[in-house]
Amino acid sequence: MSKLRVRIGILSIALLSMCGIVITPAFSEIIQAFPKVPATTIQMIGSLPSLGQLIISLLVGRLAMSIPKKRLALIGVTSVIIGGIVPIFWHSQIAILLVCAFVVGIGVGFVSTLTPMLISIFFKGEARASMMGFNTAFNSLGAVLMMSAAGILGSKMCFHSYYVFLLAVLVFFLVLFMLPLDKVEKVNINSSSNQFHLNSTDLLDHTTYNWQVRVTDNRRTVSPWSSKMVFTTELKHWNAKWIEPKQDNISEEEPLDLAAMFGGKPMPKQTSPEQRLRPVQYLRKNFKLHKPVKKAQLFMTAHGIYYPMINGQRVTQAQFMPDFTSYKNILQYQYFDITKFLGTVNNWTVVLADGWYSGCISTTGNGGQFGDKNGILGEIIITYADKTQDIIKTDWDFKSTTGKYIYSDIFIGEKQNLNQEPDWNNAQNVDEVSYSLDNLIPQDAQYVHELPAISAKKICRDEDAILVDFGQVIAGKIKLSTYLGIGVSVKIEHSEVLDKDGHFFNNITGRNKDQTDYFVGRGDFETLTPDFTFHGFRYIKITGLT
């Protein structure tokens with residue numbers, strides 16, 4: 001809904017914020033109409049709205065915790081209509097006028113309290129400050145217009161002054177059709193609990209909801225509302241198909257038992273990681289959009305670890321998705337709002353590595369613990385401005401190729417040749433495959449993100465290499481900014497300790513526990529960092545930089 005319509009809805013309510021006093025110009029005529037009623041009683045027509053307003057103002061805050069504010073506003077406007085229009089037709093007794101004045105006050109209590117609340121919900125920053133100013137102006141404007149009209153209408157017949165309340169009928173319809181319905185979920189929790197569960201049957205599928213909380217203590221002190229937060233409900237029906245790029249089978253390792261691994265016996269011979277590991281895959285699909293987009297939602301997961309891109313831009317800084325789970329029993333899928341990344345002509349690219357799913361993560365260094373073939377499952381739900389929808393999904397239309405990642409493994413490490421770009425001209429078709437979707441669950445934990453960087457504490461030479469000490473053992477990965485000549489290879493090894501002479505010492509024992517990354521230059525200044533692995537280390541040894 002456009003902000004203009006919201007402004008109209010809110011400011012129309014503001015016109016009624018001072019309508020409790022608009023009948024005062026007709027007091028002299030009302031006194032003449034009731035000659036036997038004391039003037040002080042008639043003057044209560046002007047004071048009773050303030051009493052009604054005071055009572056309701058104290059209650060609105062609590063009511064707004066469980067009732068949408070739009071509905072409360074409609075209740076308030078309706079009260080003004082009833083209290084203002086009834087005296088046009090029934091005015092033979094002063095009691096009717098007094099009761100109606102109190103009812104008008106109830107309505108004013110609602111509308112005057114709710115307008116600032118509505119502004120705080122629908123507007124932020126400078127827009128909110130501007131609307132607060134307009135709210136004050138419209139309060140005064142409504143009072144001036146209604147009092148002037150009441151004086152003119154009541155000059156011949158005092159009860160004609162009440163016709164000014166017909167303005168409230170117009171306001172009712174403006175609020176009804178212009179103002180969106182705000183949703184409220186009221187949950188009371190005691191001080192020993194910080195969790196609660198919503199009834200999922202009340203929520204729509206794959207829908208984003210805003211939520212806020214505030215706290216009432218045992219002295220009934222109410223905190224301010226928290227900042228607005230969001231959650232998105234699960235995708236219960238998948239239209240997408242699992243797809244797998246063309247890829248080699250995982251290389252089988254020689255048998256190795258733990259006694260040989262830790263007992264000092266010779267390890268079975270291995271070929272280089274480049275020979276036995278697979279390259280990281282790039283998968284891409286092109287699509288066009290022909291109508292204005294209101295919202296675009298990406299739901300996605302993988303066998304392997306991945307990051308998605310739309311039109312060459314990463315849609316998230318989260319890493320190692322979909323995380324390490326038991327895969328066949330539980331596989332998390334992720335959600336991203338990608339609206340801002342889309343244009344008319346688009347491409348959806350996914351970069352996919354072995355990760356925990358098929359990488360060499362067993363104690364003995366074997367791969368394929370959960371599967372042999374990496375793949376992805378995902379769909380983009382496009383909601384257009386006209387409320388129609390399209391679904392862009394993983395299927396036969398994807399193509400796959402390789403690029404700069406020669407290989408990547410959680411424990412072995414990663415090699416990047418920065419000269420190699422994805423070759424989409426020679427991309428291959430993908431395979432649609434069938435897996436059960438019963439193991440899919442929404443992301444159940446926080447995404448993995450980079451923490452603030454830890455700077456090197458000491459840098460020195462170690463023979464022909466550079467030795468860097470970070471001062472503490474960490475789990476992470478390095479970022480190295482340097483010029484790297486064309487074809488120049490930099491080797492970065494990781495370790496937790498030094499030997500007794502202060503030289504680099506690889507203390508990680510076992511097969512496929514290399515913890516070594518390689519980068520091959522393209523003749524440019526680079527920031528080097530692996531994307532699909534991390535290491536446990538305090539020290540790194542850099543070989544290849546002069």
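The second largest pocket is lined by 28 residues, and those nearest its centre are Ile 454, Ile 474, Gly 476, Lys 477 and Ile 478. A pocket is an open set of points on a 1 Å grid over the protein atoms alone, with protein on both sides within 12 Å along at least five of seven lines, and a lining residue has an atom within 4 Å of a point. The volume of this second largest pocket is about 820 Å³, where a volume is the space filled by probe spheres set on grid points that are joined across faces, edges and corners. The model is a predicted one, in which local features need pLDDT of at least 70 and side-chain atom pairs count only at pLDDT 80 or more, while totals for chains, interfaces and linings use all residues. Residues are numbered from 1 along each chain as its sequence is written, and side-chain values use heavy atoms, with hydrogens and water left out.

Strand E19 (465-476) and strand E26 (535-543) each give at least two residues to the lining of this pocket; the largest share, 6 residues, is that of E19. Strands (E, at least two residues) and helices (H or I, at least four) are DSSP runs numbered from the N terminus. Domain 2 (244-440) and domain 3 (456-541) each contribute at least three residues to the lining of the second largest pocket, with domain bounds taken from an automatic or database domain assignment. By class, the lining of this pocket has 21 nonpolar, 4 polar and 3 charged residues. Here Ala, Val, Leu, Ile, Met, Phe, Trp, Tyr, Cys and Pro count as nonpolar, Asp, Glu, Lys and Arg as charged, and the others, Gly among them, as polar.

The structure has 3 cavities of 30 Å³ or more. The largest holds about 80 Å³, and its lining includes Glu 253, Arg 276, Arg 278, Asp 354 and Asp 409. That lining comprises 3 nonpolar, 4 polar and 5 charged residues.

The second largest cavity, of about 60 Å³, has Cys 19, Ile 45, Cys 100 and Phe 165 among its lining residues. Helix H3 (39-63) and helix H5 (94-122) are the elements that give two or more residues to this lining, and H5 supplies the largest share, 3 residues. The lining of the second largest cavity has 9 nonpolar, 2 polar and no charged residues.

Terms used: 1 Å grid on protein atoms, 1.4 Å probe; cavity = no way out; pocket = protein on both sides within 12 Å on 5 of 7 lines; lining within 4 Å.
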